[in-house]
Each structure stands twice: as C-alpha cells, then as structure tokens.
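Subject: Structure handover

Dear colleague,

I am passing on the structure below, together with notes on what came out of going through it. Please read the notes with the structure open beside them.

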Amino acid sequence: MFRKILIANRGEIAVRIIRACRELGVRCVAVYSTADRNSLHAQIADEAVCIGPPATKDSYLNMNAIIQAAINTGSQAIHPGFGFLSENAEFAKLCEENGLIFIGPSYKSIEMLGDKAAAKETMKAAGVPVIPGTEGAVKSLDEARKFADRAGYPVLVKASAGGGGRGIRRVDRAEELESQITAAQQEAKSFFGDDSVYIEKLLVNPHHVEIQIIADRFGNYVYLGERDCSMQRRNQKVLEECPSPVVSGELRKKMGQAAVTAARECGYYNAGTIEFLVDDDRNFYFMEMNTRIQVEHPITEEVTGFDLVKAQIKVAAGMELEIKQEDVRLNGHAIECRINAENPELDFRPSPGTIESLYTPGGPGIRIDSAVYQGYTITPYYDSMISKLIAHGADRNEAIMKMRWALSEFIVEGVDTNIDFQLELIKLPEFKSGSYDNGFLNRYMEARKKTHKKK
C-alpha cells in the first residue's frame, strides 16, 4: 500500500478521497488554489500545498505544479478525483514519466476512450451495441449531410473529446445542420481544445443508464449494477438513483456483461463507468465511457456495500480485487440529489457567497458527501455544488420517503440553493412511478416556466 497520496482535486471529492486514505492508513496531501485557502480539504489533509491563483488553468489544471507538489512532498501516487485532470491522458502519462502512480486507468486507455467517436468504433468492433453514427469525426459538411439524410432527423452533433454536456447540438432539420456543427465545433474548441465532432442518430427521450465497473491489473472485472441518470437538465445530471426503475434483472446482466466486454477490449483497469441509452423497447446502446470515479458513485456504494474509492487505491497499488461477480448483491435502493448554490427561479444562476447558517439532515440511511461548513465561502471560480445528499432505503419507495424528509430538514442560509427544487422533483408523480426519461426534465421546466408566467 502507498505511504502517501496527493489528491489533485478540491471540494467534496477531495474530502471523500482523504477519508478513504485515512481508513487505509495512508497519509494524504491536498493541493489548493489561493481561493481555496480555507477549504475543508486543505484543512483536514495531512499536508496542503498551494499550487496557484484561482483560475483553474493556473491551479487545478496546472499539471507541472501538481507533479512538482507530489515530488516535493514525497507522494507515491496521485488521485485525480473527477473533472479537472481526471480524464487527461497527458497528465496520466506525465505521472508515469515522473515515477508517480496515477490512480486510474493507463494513459493509453484514457486516450482510446477519450475520443468519443473512436471509442464508439472500438465498441462496435467488440460487438457492444452502439447508436448509429458517423465512422469517426466528420471530415466535411457533405459527409455530415449524407449521414443525416440516411439516418433521418433528428440527429446529434457531438464533440469527439466532449463531456459534461458540452459540445452537443440537436439538429431537427437539414437546414440547421451547418450552423449547429459550427456551434458545436466552437464550443468543443473552447472547452476541450479539439474542434472535431461526430454525428449520431438521436434516440428521442431514451433512458440514460450507466454501469459501474471495477477491474484490476490481473484481468478480473466486476460490474456493480447500474445507475439511472435520466433526470437531466440541458445534458447535466440533477439526481440519480440505483438501481434503475426501468432495468430488469435480465437486462442488468446483459448490460453488465456488455460493459465488461467494453472494458476488456480497451485493456482497462481501475474504476470506470460505461454509459448507455435505453429505449422504450429496452434495447441499449453504448454512449461513452468515463475513465474516472463518477460524481454519483455513492449510490452504488450504498446499494452494494462496496467502497469504490478504496478499491481504486488498492488496484492502483497493485492489489487484486477482493470481490468476484457472484459476490455482488444489490441491497435496497439509493437516490442522490445534487445540492447546488444556484437559483432555479433565475435559470439556475450560480449563487456564490458565504454560508451563514447550515443544518444537514441525518438518521438511518442518510449520507452527505460535502466540503462546506458554516462560514464557508462559495467562490465564483468553481462549480457551485454544496453537497451530495444520498438516501438509502429497503426499497425505492422507502428511499423516496427518506429523501423527502431529508430535503425538508436541509437548511442553508446565505446563498440560494436548489433544495426546494429537488424536493419538488422528488414529489412529482412521474418520478414516483419511475416513468421519466432524459428529456422529461427539459419538458417539465418549459411547462413550469409557462405556468409561472401566467401567475
């Protein structure tokens, strides 16, 4: 096991990794920007190193500063968390070149799966179902038009190096194609430094279901059930649940086996998530693979009883998985609500500021992953997440009821939050019945706006 790990991240995921390190008896080093000088992760780590000013390019994306901090503190490994450098093949390679273990897959796997268009072709060759799309990035407008005409509208233009809902444009008519490709390319260039895009047939209102896998360097692969992430606003996840209300035991097995096939094909190890779209006939199609721990990993941990972050560290240290597929059991149901400092009534405008008063819910089956405290200042430089609120119950109905009273108890004063909005969603009949898809929330928000205008 490692003696010391540097955590190349901030916020609640940095705190989560620190706690996993503590349980393993590993010392941990936090890095922080000047804006995060008083952050929780910097305060509770064994050591903390300032790596630059607030701008992410000068701090949490500053590869050389992070590598140097790891070397100076005698760290043996770097855990990237999610976001920032977690899916950056160059950073993973730089770790290797400097004698540091990257707690994640190999840089070659990240390269292979980071290009979404190339990843689809890899999955297709492995026999994993994929959504019909162009073979790789489109090279010309003429090629794009030919595919769209053949597949039929609507289609999606997607950034090859995309993620987080960026660089995606829906095209409903042929006359929109050129302008939407240009818009997607511009956004992709701005966020990912790569303007290549590909096109795929749009499945109208499918379910977004992802499979969590964990693999070691000895060829052992395990899938840990699925998470339903269909409650999305503008391609951004709002809440998630495990297991999915639309997935049967038979479908879970098929999707899990497909996910393991996908991972094997790429020589993948460590934690990863294969995202699928599921249509109303319960056909599923590979969408992309995330080569990191996910924001929503806690609900899988609650339902399986398996600590994914500790497993990541153990796999990176060269250990074999401690479980086999036949050991995996799904126990009950879990829901995660992302609690953000934002105003849903003002198009979810971020609400930076100081938390003047804070009360968090508790009780059996309630978990909170957070990095905030009373007096903590949410800055405008990073994402506005306050906490992840997780409710685990014996079944879906119990999990929903626990989440309802937990949201009702959650108090944050000093900044606007989406707590009441999350409570509104949990109470919707469509959520309670599990009959929502990944277009539901956008439709609901449009109807909600019209209702509010009338009032």
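A residue counts as buried when its relative accessible area is under 20%, as exposed when that area is over 50%, and as partly exposed in between. By that scale N205, at 29% relative accessibility, is partly exposed. Please keep in mind throughout that this is a predicted model.

With a relative accessible area of 46%, R234 is partly exposed.

Two cis peptide bonds deserve a look. One runs from Y153 to P154, with omega near 5 degrees, and P154 sits in the loop between helix 7 (141–151) and strand 6 (155–159). Another joins C242 and P243, where omega is about 0 degrees; P243 belongs to the loop between strand 11 (236–242) and helix 9 (249–265).

On the cysteines, the structure holds zero disulfides. The sulfur of C21 has its closest cysteine sulfur in C28, at 5.0 Å, which is too far for a bond, given that a disulfide requires the two sulfur atoms to be within 2.5 Å. For C229, which is in no disulfide either, the nearest cysteine sulfur is that of C242, 9.6 Å away. C21 is buried, with a relative accessible area of 0%, and C229 is buried with a value of 0% too.

As for the chain as a whole, its secondary structure comes to 15 helices and 22 strands, and its C-alpha trace spans about 60 × 55 × 45 Å along the principal axes. The radius of gyration is 21 Å, which agrees with the value near 23 Å that a compact globule of 455 residues would have. Of these 455 residues, 57% count as buried, and among contacts between residues at least 6 apart in sequence, 65% join residues at least 24 apart.

The chain exposes about 18700 Å², of which carbon and sulfur atoms supply 46%. Finally, the chain carries 56 positive and 63 negative charges, and the mean positions of the two sets are 1 Å apart.

How values were computed
Residues are numbered from 1 along each chain as its sequence is written. This is a predicted model: local features need pLDDT of at least 70, side-chain atom pairs count only at pLDDT 80 or more; totals for chains, interfaces and linings use all residues. Side-chain values use heavy atoms; hydrogens and water are left out. Helices (H or I, at least four residues) and strands (E, at least two) are DSSP runs, numbered from the N terminus. The radius of gyration is taken over C-alpha atoms; the globule rule is 2.2 Å times the number of residues to the power 0.38. Buried means under 20% relative accessible area, exposed over 50%, partly exposed in between (1.4 Å probe, protein chains only). Contact means heavy atoms within 4.5 Å. Accessible areas come from the Shrake-Rupley method with a 1.4 Å probe; for residues, only the protein chains shown count as cover. Lys and Arg count as positive and Asp and Glu as negative; His and the chain ends are not counted. The place of a charge is taken as NZ of Lys, CZ of Arg, CG of Asp or CD of Glu.
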